[in-house]
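I am opening a notebook on this structure.

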Amino acid sequence: MPAALFVSGLIALVLIFHWAKTPKPVQKLVFEGLVVLKPADLMQFLDVNPEQFDPEKLEWKDWEKKLITHTRIRKVRVSRDREGFLVITLQEKVAEFVVHVGDMLYEIDEKRDIISQNQVLADNLIVISGNFPVSSHQILGTQIEDVTKEMRQTVSAYPALKTRISEVSLEQDGDIVVYLKSPFRAKVFLGDKLDLFRMRKLYASLAYLETENISASIIDLRGEDAVYH
């Protein structure tokens, strides 16, 4: 009798342990780490109709492999917990600039890798316009490399310019034009060189104009002194 009770108790423990360890069927999707992406964007990418899908019938075990191919995703982990939650944890790539080439707008990261094409989701990015070579996944050439490097240094040294500059345009004649969106809309002529010295000159000019409450539609920084119109 004691042996039978022992065996029965052992079986009960095994069943309880199995029940505790066996996860419930998927009942709900949980997305973590989203920045500019939305759950609906990912559902569409995974070919899942959010209005018709049955969570318990999801074929989700290959989702990691598919999601990592998304141009906005750097890392991804898909796991199911014991409560039936399917947790999709993401680390998104961070867009640094928008590059305008022809009729295309590309969000790019710090390596100039393309994050999106004609689907800008990040806010308040500076646009860099020019005739840059473009591959299937990257903006190419020393020109874009130099411009992004200078603009990165500019934003680091003068953070206020990030909220004031809307676009940096490399013109066909070699000149560089900056378009301002704040504190007033203006066109800034920098000449044929983009460097920290000229951007410091722009910063000082804007500081003076704002202090004196002066608006200008054109700022010419090509000479020794700044000229306002």
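I take a contact to mean heavy atoms within 4.5 Å. The model is a predicted one.

**Entry 1: the chain as a whole**

I began with contacts. Of those with a separation of 6 or more, 48% come from residues 24 or more positions apart. I then read off the secondary structure and found 5 helices and 12 strands. The chain has 229 residues, and 35% of them are buried. Its accessible surface comes to about 14,200 Å². Carbon and sulfur atoms hold 53% of that surface.

**Entry 2: salt bridges**

How many salt bridges does a search of the whole structure find? I got 6. I looked up several by residue.

I started with Lys 66 and Asp 47. Their side chains form a salt bridge, with 3.0 Å from N to O. Lys 66 is in helix H3, residues 63-67, while Asp 47 is in the loop between helix H2 (39-45) and H3. The two are 19 residues apart, and the pair links distant parts of the chain. Lys 66 has 30% relative accessibility, so I log Lys 66 as partly exposed. Asp 47 counts as exposed because its relative accessibility is 66%, and the cut-off for exposed is over 50%.

Next came Arg 72 and Glu 107. The closest N and O atoms of this salt bridge are 2.2 Å apart. Arg 72 sits in the loop between H3 and strand S2 (73-80), and Glu 107 sits in strand S5, residues 104-108. This pair also links distant parts of the chain, 35 residues apart. Are Arg 72 and Glu 107 buried or exposed? Both are buried.

Then I looked at Arg 152 and Glu 96. Their salt bridge has its closest N and O atoms 2.6 Å apart. Arg 152 lies in helix H4 (residues 142-157) and Glu 96 in the loop between strand S3 (85-92) and strand S4 (97-101), so the pair ties together parts 56 residues apart in sequence. Arg 152 has a relative accessible area of 33%, so I note Arg 152 as partly exposed.

**Entry 3: the largest pocket**

I asked for the volume of the largest pocket and got about 180 Å³. Which residues line this pocket? Among them are Val 94, Phe 97, Leu 125, Ile 126, Asp 123 and Lys 162. Glu 96 and Arg 152 are in the lining as well, and these two form the salt bridge noted above. H4 gives the most to the lining, with 3 residues. By class, I count 8 nonpolar, no polar and 4 charged residues there.

Technical notes: Residues are numbered from 1 along each chain as its sequence is written. This is a predicted model: local features need pLDDT of at least 70, side-chain atom pairs count only at pLDDT 80 or more; totals for chains, interfaces and linings use all residues. Side-chain values use heavy atoms; hydrogens and water are left out. A salt bridge is a side-chain nitrogen of Lys or Arg within 4 Å of a carboxyl oxygen of Asp or Glu. Helices (H or I, at least four residues) and strands (E, at least two) are DSSP runs, numbered from the N terminus. Buried means under 20% relative accessible area, exposed over 50%, partly exposed in between (1.4 Å probe, protein chains only). On a 1 Å grid over the protein atoms alone, a cavity is a set of points where a 1.4 Å probe fits but cannot get out, and a pocket is an open set with protein on both sides within 12 Å along at least five of seven lines; lining residues have an atom within 4 Å of a point. Grid points are joined across faces, edges and corners, and a volume is the space filled by probe spheres set on the points. Ala, Val, Leu, Ile, Met, Phe, Trp, Tyr, Cys and Pro count as nonpolar, Asp, Glu, Lys and Arg as charged, and the others, Gly among them, as polar. Accessible areas come from the Shrake-Rupley method with a 1.4 Å probe; for residues, only the protein chains shown count as cover.
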